[in-house]
Amino acid sequence: MANQSSPSPLYCVSFNQDNSGFAISSKDSFKIFDSTTGRLCYERGKFYESTLILCSFSVLQFWVFIKRPYFAAGAFVIVEMLYSSDLLAIVGAGEQASLSPRRLCLFKTTTGSPLRELNFLTSILAVRMNKKRLVVVLLEKTFVYDLNTLVMLDTIDTVPNPKGLSAFSPCLEGCYLAVPASATKGSVLVYNVMELQSHSEIDAHRSPLAAIALSSNGMYIATASEQGTLIRVHLVSEATKSYSFRRGTYPSTIYSLSFGPSTQLPDILIATSSSGSIHAFSLSLAINQRSKRSTSFLGSVLPDSVSDALDPAHHHVLQNAVSSGIRSYAVVRKIDKLEGTSSPSQFTSLRATVSVITYNGYFQEYTLSINSKNESLWTLEREFNLFSP
C-alpha cells in the first residue's frame, strides 16, 4: 500500500488516449511520465527555465528544449495530452492572473510556448481531445471545436455539472462524448462528436452520477452513481440495456472507471473507490458464460433488466491498495490472453497490467492474473513516489 506521507498533493491526474503516458500537476509544476517505464519525460516548474529531456513513448522519442518559461510557477488543474505528441491542453488553477481557470491554452512542449488560447466566461472543468476534436466542459455548457482550426462546431447545453463529469472515446469511428443528463438522477447524455448530434440518453441510476467511462472504441459506457454500490455497463447502440456489477453493500465514492483496451468487448473494467480498494470486473468471462444460456446476440451480451446484478464471482478485489479516502485513478494499460482450444471465445488465462496513481503522489503498477477457473491474483510490480528526483 502506498505510503501516505507525500509532501504535496496532486491537483490533476490524466492518462493520454492510449494510456502510454500520463500527466500530473502539483502546486508548483506539472510533469509527464512514460507509463511503461515510469520515466519522467517533461517537467514544467519554477526551477525549469532551461531544460533538455528525452521523451519516450513506446517507439516515439523526441527531445524537448525550453528556452524560457512562458508561465510563472503555479498550479494547473487540467493537463491533457494528445497521444504522445508535443501538444498539451492546460488550464491554470487561478492562483495568478496568467493562470486563469477560464483560459485554455494549447501548449507545445517542443517550443515551451502556446499555440492558441481560448477564453471562457466561467471556469473550465474538463478538456477532452482526439486527433480531430477538442471538447471543453463548463458548468452548464460543453463546447466542441475542430482541433486543427479551433473553429467552434457546436455548443451543448447541459444540466449543472460542477464536477465536470465527462467521458470521451477518442476513436474517430465511434467518437462519443458522455455527460450527465440530469442533476437529480443518474442519466447520461451520449453525444456523437464527429456527427455533431445527440445519440441517446441512458437512464442508468436513481441517484446522480459520480463517474462515467467510455470504452476506447465507443461501444460501451460504464457508470456509477453517488451511492457507489452498483456499476453498470451499457451497450451504447442499445441505450436501454445494461450489465450490473455489485461493487459492495455499503455506499462508497467511485473515483475512477476504466475499460481495458479492446477493439470489441473490453475484457476488464477497473474501478477505484474511497474504500481504498481496486475493483476489477471480468466482462468477457461473464458474457461468455451468459451466452451459453442465450442464442441471441443482444441476449448474450446484455440482461433484460438493469436490476440484474452479476454473480460476485466476476468481481476481483484488491483490498487496501490505497489508504481509505485517498483519491486514486486507475487504468488498464495492457491485456494478454491465452486462447482456449475448445472455443475462440474462451480463454485459458488473462493477465492485465493495471496502473494506479494516487492523489498524494504515488504510482503503482499491478498485474492481475485470472485463470480459466476465474481464480485471480494481484501482484504489485512496482511503486514509486512521483515527487522523487
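This is a predicted model: local features need pLDDT of at least 70, side-chain atom pairs count only at pLDDT 80 or more; totals for chains, interfaces and linings use all residues.
Student: Is Arg 382 buried or exposed?
Tutor: Arg 382 has a relative accessible area of 19%, and since buried means under 20%, Arg 382 is buried.

Student: What does the side chain of Arg 382 make a polar contact with?
Tutor: The side chain of Arg 382 makes a polar contact with the side chain of Glu 365 at 3.0 Å, and the side chain of Arg 382 also reaches the backbone oxygen of Thr 37, at 3.2 Å.

Student: Switching to rings, how many aromatic pairs does a search of the whole structure find?
Tutor: The search finds 12 aromatic pairs. One of these is formed by Phe 22 and Phe 33, with ring centres 5.1 Å apart and planes at 10 degrees, so the pair is stacked. The pair links distant parts of the chain, with Phe 22 in strand β2 (residues 21-25) and Phe 33 in strand β3 (residues 29-34), 11 residues apart. Both Phe 22 and Phe 33 are buried.

Student: What about Phe 120 and Phe 143, how are their planes set?
Tutor: Phe 120 and Phe 143 form a tilted aromatic pair, 5.5 Å centre to centre with 40 degrees between the planes. Phe 120 lies in the loop between β10 (113-119) and β11 (126-129), and Phe 143 lies in strand β13 (residues 141-146), so the pair ties together parts that are 23 residues apart in sequence. Phe 120 and Phe 143 are buried.

Student: Which residues do ring pairs link into a cluster?
Tutor: Phe 15, Phe 22, Phe 33, Tyr 329, Phe 363 and Phe 384 are linked into a cluster by ring pairs.

Student: Which residue lies over the face of Tyr 359?
Tutor: Arg 327 lies over the face of Tyr 359, at 4.4 Å from the ring centre, and Lys 131 lies over the face of Tyr 83, at 5.0 Å from the ring centre.

Student: New topic: what order do the strands have in the open sheet of 4 strands?
Tutor: The order is β7-β8-β9-β10, and the pairing is antiparallel. The edge strands are β7 (76-81) and β10, each of which pairs on one side only. From one strand to the next, the twist averages 20 degrees.

Student: How many bridges join β7 to β8?
Tutor: There are 5 bridges joining β7 to strand β8 (residues 87-92), and these strands run antiparallel. Ala 89 in β8 is the bridge partner of Glu 80.

Methods:
Residues are numbered from 1 along each chain as its sequence is written. Side-chain values use heavy atoms; hydrogens and water are left out. Buried means under 20% relative accessible area, exposed over 50%, partly exposed in between (1.4 Å probe, protein chains only). A polar contact is a pair of N or O atoms within 3.5 Å; within protein, one must be able to donate a hydrogen and the other to accept it, and residues adjacent in sequence count only if both atoms are side-chain atoms. Rings of Phe, Tyr and Trp (its six-membered ring) pair if their centres lie within 6.5 Å; planes under 30 degrees apart count as stacked, over 60 as edge-to-face and the rest as tilted. Helices (H or I, at least four residues) and strands (E, at least two) are DSSP runs, numbered from the N terminus. A charge sits over a ring if NZ of Lys or CZ of Arg is within 6 Å of the ring centre and within 35 degrees of the ring normal. Two strands pair if DSSP finds at least two bridges between them. Axes are lines fitted to C-alpha atoms, for helices over the stretch in contact, and angles run from 0 to 180 degrees between N-to-C directions.
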